Amino acid sequence: MGSETPLRLPVIDFSEGNLKPGTEEWDSVRSQVFEALKEYGCFEAFYNRVPSDLKKGVVGAIEELFELPLETKLKNVSKKPFHGYVGQYPQAPLFESMGIDDADVPENVDSLTNTLWPQGNPAFSKTVVSYSELVSELDQTVRRMILESLGVEKYLDEHMNSTNYLLRVMKYKGPQTTETKLGLHPHTDKNIVTILYQNQVDGLEVKTKEGEWINVKLSPHSFVVMIGDSLYAWANGRLYSPYHRVMMSGNEARYSAGLFSIPKAGYMVKAPEELVDEQHPLLFKPFDHVKFLGFYYTESGQKSESALKAYCGV
């Protein structure tokens, strides 16, 4: 008997022509996006707006960042949970991460760069800003397609203006063994949309609704686009926010860059009334994302099967 074909994420090409709302190409890609996010909560995206040299450049910039001494990396601080430097976790000894708030705003990136490199590092700043600006365009395209698919595009401006961007860069050390080791524990993202790029060391796994794990194999040209809990709540459960993890083996380090669209502090994430009806009763009370994050990192938040339901479930 032949072995079953391994599960893989849907693949969607954003590179065909010039995608514009109202065209047949737009409608076709929009339909694929909505189906993928209902069924899998994520998909693999081909997106040629980010040139190959910039993709290589951002991986190089991440490597340079993590080569800094620990005392320098610890200067990457934030008032928001999980937005600054994260590392030295006994539960995830292979994992290390840093955050760049408002990564598409040159002044913000320059400020962090000058903290980490007092002598300056303009190449790092330029790479981070250029990358974040181009990937944020994909985020906005995907979110517009979602709102159109849900029939609530009248909220588009409010929805776009309610978020900013965090670029979270991650390093997973190779465990120096052929055995598979945990890089990062299973979790759902808590934000709106995550767009992930990685060097050519795999390790990301995504859980299906049926409980099977998909090993995500990416080409150097593709990104992973994934839904977070805040968009799952805003869409009143019409999309799927998938559990995912990182599993590592071998000697090579995995580097990845995640651009996260995140609700601004003080903005209440609330399902539009058009998305609440008898078939789709309200699932979550309105909530402030930053306060939700704060709960997630408490002991009770970490123990909850669904921190979102524990925090604001109806």
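## Close-up views of a predicted model

**View 1. Lining of the largest cavity.** The lining residues are His159, Ser162, Ile192, Trp234, Pro263, Tyr267 and Val269. The space inside the largest cavity comes to about 40 Å³. Across the whole structure, a search finds two cavities of 30 Å³ or more.

**View 2. Lining of the second largest cavity.** The volume of the second largest cavity is about 30 Å³. Its lining is made up of Val58, Ala61, Ile62, Leu65, Phe124, Val128, Leu167 and Val169. Two or more of these residues come from each of α2 (52–66), α5 (122–150) and β4 (163–172). The largest share is that of α2, with four residues. By class, the lining has eight nonpolar residues, no polar ones and no charged ones.

View 3. α5 is built from 29 residues. From its first C-alpha to its last, α5 reaches 42 Å, close to the 42 Å expected at 1.5 Å a residue.

**View 4. Asparagine 199 in a loop.** Asparagine 199 sits in the loop between β6 (193–198) and β7 (204–207). Its relative accessible area is 14%, so asparagine 199 counts as buried, the cut-off being under 20%. Neighbours within four places in sequence are left aside here; beyond them, asparagine 199 contacts Val59, Ala253, Arg254 and Tyr255.

**View 5. Glutamine 176, a non-glycine residue with positive phi.** The phi of glutamine 176 is near 60°, a positive value in a residue other than glycine. Glutamine 176 belongs to the loop between β4 and β5 (177–187). With a relative accessible area of 55%, glutamine 176 is exposed, as the cut-off for that class is over 50%.

**View 6. Asparagine 236, a non-glycine residue with positive phi.** Asparagine 236 is not a glycine, yet has a positive phi of about 55°. The loop between α7 (229–234) and β10 (244–250) holds asparagine 236. Asparagine 236 is buried, because its relative accessible area is 3%.

How values were computed. Residues numbered from 1 in each chain as written. Predicted model: local features only at pLDDT ≥ 70, side-chain atom pairs only at ≥ 80, totals over all residues. Heavy atoms only, no water. 1 Å grid on protein atoms, 1.4 Å probe; cavity = no way out; pocket = protein on both sides within 12 Å on 5 of 7 lines; lining within 4 Å. Points joined across faces, edges and corners; volume = space filled by probe spheres on them. Nonpolar A, V, L, I, M, F, W, Y, C, P; charged D, E, K, R; others polar. Buried < 20%, exposed > 50% of the residue type's maximum accessible area, 1.4 Å probe, protein only. Contact = heavy atoms within 4.5 Å. Expected span 1.5 Å × (residues − 1).
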